[in-house]
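Subject: Structure handover, salt bridges

Hello,

Please find the structure below. My notes on its salt bridges follow.

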Amino acid sequence: MANIEIRGLTKSYGKTVAVNDVSFKVNTGDFTVVLGPSGSGKTTLLRCVAGFEKPDSGSLLFDGTDVTELRPKDRDVAMVFQSYALFPLMTIGDNIAFPLKMRNVPAAEIKERVNKVADLLVIKDLLDKKPGQLSGGEQQRAALGRAIVREPNALLMDEPLTSLDAPLRAQMRRELKKIKKETKMTAIYVTHDQAEAMALADTLAIMNSGRLIQYDKPLEMYSRPSNTFVAGFIGSPPTNLIEAKVEASNGQARLRIGSATIPVDGGMSPKLKDAANGKIMVGVRPEDIQMFPTKNSERSVETVVESTEPLGSSILVNALLGESYVKLVLSPDRRVGPGDRLWIEWETAKMYFFDDSGKLIT
Ligand code: ADP
């Protein structure tokens with residue numbers, strides 16, 4: 001298994017810049033998830049790593065060796081797609097054995113390696129069946145088996161679980177984690193599903209409009225999003241972004257949100273000071289907001305409940321605060337309904353600030 005270094009990769013289709021100057025390094029054995037909305041350039045990036053697309057500029061290194069000009073088969077990477085692409089007339093065992101046969105691996109070794117992979121993927125009983133006799137999840141497991149049996153330099157996966165239904169997807173997620181632990185594969189996994197990304201990733205690469213927006217560990221990204229795009233994309237529900245104005249008097253910073261002002265404890269960072277009298281976005285996570293029937297403290301601001309969604313173990317409340325909507329999560333025994341006027345607050349330490357351009361103010 002190799003480490004993969006992507007350096008300044010750019011790929012355009014006509015006027016569309018699908019991948020725009022993307023750089024990051026995947027360490028050996030690391031499972032990196034590329035996450036972004038549809039059309040953000042994830043698949044194009046992955047296809048460039050696999051060698052199916054030639055980048056316009058930039059380079060690609062496996063273990064420090066430049067592979068940018070190498071053909072896909074000479075890069076020794078395996079790819080798993082949303083469609084399973086199994087050979088329909090071959091048994092599952094023959095499908096998995098295929099890449100080894102192509103490389104003239106001796107029959108006894110093929111048998112041993114196919115059995116080992118089948119054990120890992122819990123598909124031993126399916127080896128004599130044809131793809132058409134298998135469920136979607138089983139077929140995807142077989143496709144994964146065929147990809148990892150020859151122990152490639154890296155495993156590249158493009159939305160491999162998207163066509164499975166929700167319970168099966170959750171099960172496959174758990175199995176992928178197990179496989180990841182046992183094989184220590186270097187992997188790049190593309191998805192638009194942030195929950196899947198958070199569950200699987202050692203490292204997350206967030207893309208938008210062809211650009212790499214942030215490359216970080218999932219929890220770091222959740223607790224320290226570098227900009228409003230990441231804050232609004234990660235977490236379920238995602239971080240609230242509330243428009244505010246910074247005001248300062250006598251060293252005390254206050255945030256004006258709609259008609260309310262709330263103090264910022266501990267004064268102001270110099271950069272926040274720069275935003276004084278300027279507009280900023282305040283980021284607060286839904287689970288960090290408390291709600292009270294009456295004004296609870298200096299920091300409380302009044303909101304009007306717009307709607308509620310019972311989620312079973314909690315209630316999701318949408319409330320209007322100034323010009324912004326905020327989401328918060330309450331315990332299911334709270335009686336809250338549309339039109340209720342309630343007070344919300346959060347601790348200073350639980351909020352972060354973004355400037356006019358959406359960048360985190362640090
Ligand atoms: P994602 O995987 O994030 O959905 P893609 O990499 O598929 O994004 O696409 C990124 C952009 O490049 C999109 O605007 C898409 O329409 C465009 N694109 C991708 N492949 C092609 C192609 N073969 N020809 C023309 N445009 C393409």
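R141 is buried, with a relative accessible area of 9%; buried here means under 20% relative accessible area, exposed over 50%, and partly exposed in between (1.4 Å probe, protein chains only). This is a predicted model, in which local features need pLDDT of at least 70 and side-chain atom pairs count only at pLDDT 80 or more, while totals for chains, interfaces and linings use all residues. Residues are numbered from 1 along each chain as its sequence is written, and side-chain values use heavy atoms, with hydrogens and water left out.

The partner of R141 in a salt bridge is E175, with 3.4 Å between the closest N and O atoms. A salt bridge is a side-chain nitrogen of Lys or Arg within 4 Å of a carboxyl oxygen of Asp or Glu. The pair links distant parts of the chain, 34 residues apart: R141 is in helix α5 (residues 136-148) and E175 in helix α6 (residues 166-183). Helices (H or I, at least four residues) and strands (E, at least two) are DSSP runs, numbered from the N terminus. E175 is also buried, at 15%.

Helix α6 also holds K180, which pairs with D202 in the loop between α7 (194-200) and β9 (203-208), 22 residues apart. K180 is buried at 15%, whereas D202 is partly exposed at 26%.

A further salt bridge joins R285 and D288 at 3.9 Å. R285 is buried at 15%, and D288 is buried at 12%. Elsewhere, shared partners join K11, R47 and E53 into one salt-bridge network.

The whole structure has 17 salt bridges.

Regards
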